[in-house]
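User: I am new to this structure and would like to go through it by question and answer. Please show it before we start.

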Amino acid sequence: MKHRGYYGGFGGAFLPEILIPTFDELVSVFESAKTDPGFRNQYETLMAQYSGRPTPLTFAANLTRHFDGAKIYIKREDLNHTGAHKANNVMGQGLLVKKMGKTRVIAETGAGQHGVACATMAAKFGFDCTIYMGEKDVMRQRPNVFWMEQLGATVVPVTDGTKILKDAINQAFRDWVTNMDTTHYVLGTACGPHPFPEMVAWFQSIIGIEAKQQILDLEGRLPDRVYACVGGGSNALGLFAGFLDDPVELVGVEAGGKGIDTGFHAARLSSTDAGAGIAQGYKTYFLQDDDGQMKETHSISAGLDYVGVSPILAHMHETKTARFESATDAEVVDALKLTMRSEGIIPALESAHAFAGAFREAPTLSRDQIIIINQSGRGDKDIFTVADVLNDPEWKTFIQTKAAQYHA
């Protein structure tokens with residue numbers, strides 16, 4: 001094993017021998033692209049013309065007035081093509097797949113946003129596409145499954161384990177081992193073996209680079225704090241990338257689920273329930289028991305219940321270069337409702353964790369301070385989950401009527 005891709009004591013590439021040539025090829029192609037200004041220009045042009053970048057930085061005047069504290073800005077990744085930040089990574093990896101001459105892509109997905117983005121990229125570039133998704137997440141995010149299939153992807157429900165994101169990742173790796181010559185695994189977050197954490201963070205850095213220039217243009221100064229939700233960590237690393245060398249506090253908000261004390265959560269860095277371990281090809285904090293078995297996680301959002309976290313964020317946690325908090329399901333729903341009614345913006349349940357964390361702290365800051373919240377995605381996909389939580393009677397009637405039409 002080559003000693004590469006480490007962030008302090010985290011990261012690395014713990015691979016079966018059969019995958020080493022494939023990873024060597026990927027590292028070589030990525031390193032070449034990273035040092036080629038022409039590739040970055042090709043990538044940014046693609047994101048501008050196809051995905052609508054740069055996404056806006058929106059001043060949330062009503063929320064700012066409501067909390068009577070820091071000025072609140074929202075980075076609008078929900079307005080990126082396919083409705084989330086996920087397109088930033090998959091379009092970049094798609095360009096690398098073309099360089100490698102491969103014809104098929106596979107991916108895992110939890111909330112479905114990465115799956116939709118990957119299916120979109122495959123349709124544009126003419127790749128065959130297979131998406132692995134935990135059976136539980138298929139049920140929670142059926143609208144995204146519908147769109148993945150309409151875009152031409154094959155969606156495979158994973159029935160192993162706890163039937164969520166970590167199980168989908170395991171199944172995708174099994175596929176890759178048997179189809180390496182033709183297939184690239186488009187890992188959706190900044191986890192997994194090197195070079196995936198660095199590569200995903202590099203493509204997602206477009207978020208923070210834009211946000212920094214936008215706040216300087218609007219306010220003539222940097223923000224005091226920036227907030228992002230943390231599942232695997234791709235949108236957080238994307239926003240943080242713009243402010244790593246600045247006096248800006250970086251805050252990640254994890255899924256507190258039903259409360260840290262209940263054990264039903266997915267908080268790796270903001271609780272004491274996780275420990276360092278090696279799984280799925282890399283070393284990081286995992287929620288695991290004393291025997292090293294992965295614990296079952298819980299979150300209202302399908303995109304934040306991953307059992308591990310980016311090794312880059314694990315290192316930032318250890319070195320205290322970022323602060324990590326959690327938000328419960330109830331706090332997330334309250335933040336979602338307030339944002340909708342105050343600003344006419346519908347955050348994804350994942351993004352609403354960042355809103356909840358920021359809302360908790362905004363009133364404690366002064367009016368001359370500035371915060372940025374990364375809205376990693378839009379909430380349309382969560383309509384079934386949110387309608388259930390709100391127990392909306394008219395939605396129930398609608399579902400019952402549709403079910404009757406299908407003779408269900």
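Analyst: The side chain of Arg268 comes to 3.2 Å from the backbone oxygen of Val230. The model is predicted, so local features need pLDDT of at least 70 and side-chain atom pairs count only at pLDDT 80 or more, while totals for chains, interfaces and linings use all residues. Residues are numbered from 1 along each chain as its sequence is written, and side-chain values use heavy atoms, with hydrogens and water left out.

User: Which residue's backbone oxygen does the side chain of Arg268 reach at 2.9 Å?

Analyst: A polar contact is a pair of N or O atoms within 3.5 Å; within protein, one must be able to donate a hydrogen and the other to accept it, and residues adjacent in sequence count only if both atoms are side-chain atoms. The backbone oxygen reached at 2.9 Å belongs to Gly231.

User: Is Arg268 buried or exposed?

Analyst: Arg268 lies in the loop between strand E10 (249–257) and strand E11 (274–279); helices (H or I, at least four residues) and strands (E, at least two) are DSSP runs, numbered from the N terminus. Buried means under 20% relative accessible area, exposed over 50%, and partly exposed in between (1.4 Å probe, protein chains only). Because its relative accessibility is 1%, Arg268 counts as buried.

User: How far apart in space are Arg268 and Phe286?

Analyst: In sequence, 18 residues separate Arg268 and Phe286. From C-alpha to C-alpha, the distance is 6.5 Å.

User: How far apart are the centres of domain 1 and domain 2?

Analyst: Domain 1 covers 13–48 + 85–196, and domain 2 covers 52–83 + 205–377. Such bounds come from an automatic or database domain assignment. Taken over C-alpha atoms, the centres are separated by 23 Å.

User: How many residues does each domain give to the contact?

Analyst: Contact means heavy atoms within 4.5 Å. The numbers are 34 residues from domain 1 and 37 residues from domain 2.

User: Which three residues supply 23% of the area that domain 1 buries against domain 2?

Analyst: Buried area is the accessible area (1.4 Å probe) that two parts lose on being put together, summed over both. Between the domains this is about 2,600 Å², with 57% on carbon and sulfur atoms. The three residues, which supply more than any other three, are Phe14, His85 and Lys166.

User: Which residue meets Asp305 in a salt bridge?

Analyst: A salt bridge is a side-chain nitrogen of Lys or Arg within 4 Å of a carboxyl oxygen of Asp or Glu. Domain 1 and domain 2 have 2 salt bridges between them. At 2.8 Å, N to O, the side chain of Asp305 meets that of Arg140.
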